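This report describes one protein chain, from its overall make-up to selected side-chain pairs. Please keep the sequence and the model open while reading.

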Amino acid sequence: MVDTRDQAAAVNAAIRDRLVTAGRVDDTHATTTTAGQRIGVGDRIATRRNDRAVDVANRDTWTVSTVDRHGQLTVTNADAGQRQLQAGYVRRHVELAYATTAHGVQGDTVTAAHVVVGEHTGAASAYVAMTRGRSTNTAHLVADDIDDARDQWVAVFARDRADLGAAHAGEQAARDAANYAQPRPLNQVLDDLHDTWAREAPCLERLDRVEPRRDMLREIVVLRRDQPAELATAEDRYRSARTSNAQATSQLKHAETLIAGETEGYRDRLLAEWDADRDPARQAADLVNRGGGPLGLRLPAVNRAREELARWSVTWQPYLPDMPTTNQHIAHYAARSDNQLRIRAAFENHAHQAAPGAHPERRGLAAAAQTADTELTAAWRDLTDTRHRHESQLGRYGALGHTADPDTRLTRIESDVTATRGELDAVQQHIGRLTTDPAIRALPAGRLANEHDLWRAGYDSQREFERHEVRLAAMRADNDGDRRPGLGLHDRDHHYEHRVDFGHDHGPSIDR
């Protein structure tokens with residue numbers, strides 16, 4: 001707790017810097033208020049205006065759980081649960097809540113309280129601040145030594161509202177001097193304030209609508225500028241991979257065609273040689289199977305036949321795995337009819353195994369084709385992912401992401417924002433001058449804020465009433481078949497701003 005809102009802002013900033021450094025607050029994805037405070041996930045904040053639509057009240061405290069890309073906050077409170085705060089409300093009516101003034105915590109109770117004592121601290125505020133903590137209450141003073149600190153502490157409780165230090169006395173003197181000017185009636189000043197607030201509100205509402213759209217268009221322009229180059233790179237890679245794959249596949253197919261031709265020729269040669277050897281082998285087998293005769297006269301011929309069958313068996317064993325090796329079995333094998341399909345398959349298999357050996361380059365061509373196929377698959381996946389990512393990036397912006405000419409539209413919206421900002425600055429300068437009017441400065445602390453809250457309640461009620469009327473008119477037009485376009489948002493703002501007198505008859509007000 002501190003004396004002034006300026007001190008609270010400074011302490012809030014210092015505490016938040018420590019929390020960001022410690023990793024307890026995320027400052028990478030944060031939004032910024034009109035007062036210049038950055039707010040990210042993990043920050044403790046306070047809402048500073050009642051909003052029945054969102055169900056938040058002035059001085060409610062929350063912890064930020066998410067910050068979306070447009071500055072909308074999701075906040076939580078142990079008692080109230082979760083709320084969604086719109087970006088416009090956040091910019092204007094949210095502030096950090098690590099530190100506050102003693103006036104802002106009247107009635108609150110916390111575990112431990114710390115109060116910074118300064119020359120504006122009076123007995124009442126010190127008492128409030130030093131009774132907020134259940135377990136501990138600590139006062140912090142800047143002093144030369146313990147005696148100086150004790151003197152300051154005694155002075156605080158000797159200081160009443162009429163004696164709040166030199167700085168306060170100077171401010172009071174300035175207010176007294178201003179009173180020598182001829183004052184305007186309070187009602188007249190308040191009427192001017194109401195009219196000026198009524199001019200300020202539509203400007204803020206237009207900015208709340210247009211600035212997020214402008215920010216999205218800025219991002220869209222960057223995406224639409226960068227995406228074509230990234231997509232072209234992915235497409236070039238895919239085209240190159242497809243060409244390389246076609247070349248590698250063609251070279252492999254050519255080599256395999258040659259090998260297939262040689263395999264077929266090799267098989268046919270084996271079949272021809274087998275057929276040429278078959279009759280002599282059968283004849284030799286027939287001779288062996290008939291034996292040497294009763295007197296053994298054919299034994300020499302039988303022996304020669306066995307030798308021929310042995311040579312025949314040795315010749316074809318590499319090609320026919322079931323070729324026998326003993327004389328009796330060889331003769332039996334040679335005498336029987338051939339299984340042509342089995343022999344052809346055996347020669348085919350041998351030819352397939354032997355032919356690639358004559359072409360060692362085939363292995364390298366096959367490896368190159370496999371690599372080219374892998375690269376083509378990766379390039380296609382990268383191209384597809386790039387297209388999907390681009391569609392997703394633009395899809396987050398809805399129809400705005402597919403704007404035909406985002407640059408022109410951005411220029412138009414930025415011009416609108418600049419014009420509205422200029423109008424708002426002029427209005428807010430006038431509000432600043434009105435709030436320094438002697439009649440306003442003579443008001444008790446907090447009374448002007450209450451007056452603005454009353455005016456705002458009337459403004460919001462009237463706005464909701466007019467929106468309801470517009471919706472009813474649209475429904476009646478639909479039912480009657482009348483499709484005439486209604487007022488646009490900007491037109492309704494202008495119409496509303498000049499037709500309704502806000503804050504004059506919506507409840508009790510100052511001097512009313």
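A contact here means heavy atoms within 4.5 Å. Helices (H or I, at least four residues) and strands (E, at least two) are DSSP runs, numbered from the N terminus. The model is predicted: local features need pLDDT of at least 70, side-chain atom pairs count only at pLDDT 80 or more, and totals for chains, interfaces and linings use all residues. Residues are numbered from 1 along each chain as its sequence is written, and side-chain values use heavy atoms, with hydrogens and water left out.

**Overall make-up**

The protein chain has 14 helices and nine strands. Of its 512 residues, 34% count as buried; buried means under 20% relative accessible area, exposed over 50%, and partly exposed in between (1.4 Å probe, protein chains only). The accessible surface of the chain is about 30200 Å², and carbon and sulfur atoms contribute 52% of that. These areas come from the Shrake-Rupley method with a 1.4 Å probe; for residues, only the protein chains shown count as cover. Among contacts in the chain with a separation of 6 or more, 69% are between residues 24 or more positions apart.

**Helix α8**

Helix α8 spans residues 327-335, and its buried residues are I330, A331, Y333 and A334. Viewed down the axis of α8, these buried residues fall within an arc of 160°, so they line one face of the helix. The arc is that of the directions from the helix axis to the C-beta atoms. Q328 and H332, on the other side of α8, are exposed. The cover over the buried residues of α8 includes α6 (186-290), α7 (299-316) and α9 (340-354).

**A parallel strand pair**

Strands β8 (residues 110-116) and β9 (residues 133-140) pair in the parallel sense over six bridges; two strands pair if DSSP finds at least two bridges between them. Between β8 and β9 the chain passes through helix α3 (residues 123-129), and this β-α-β crossover is right-handed. That term applies if, with the strands pointing away from the viewer, the path from the first strand over the helix to the second runs clockwise. A113 stands opposite N137 in β9.

**Salt bridges**

A salt bridge is a side-chain nitrogen of Lys or Arg within 4 Å of a carboxyl oxygen of Asp or Glu. The whole structure holds 36 of them.

| Pair | Closest N and O atoms |
|---|---|
| R463 and E205 | 2.9 Å |
| D215 and R218 | 3.9 Å |
| R387 and E235 | 3.7 Å |

R463 counts as buried at 10% relative accessibility, and E205 counts as buried at 12%.

R387 lies in helix α10 (residues 361-395) and E235 in helix α6, so this pair ties together parts that are 152 residues apart in sequence. R387 is partly exposed at 35% relative accessibility, and E235 is partly exposed at 23%.

D215 and R218 both lie in helix α6, three residues apart, about one turn of the helix. An α-helix has 3.6 residues a turn, so residues three or four places apart point the same way. D215 is partly exposed at 32% relative accessibility, as is R218 at 37%.

Salt bridges also link R91, R92, D208, E211 and R421 in a network.
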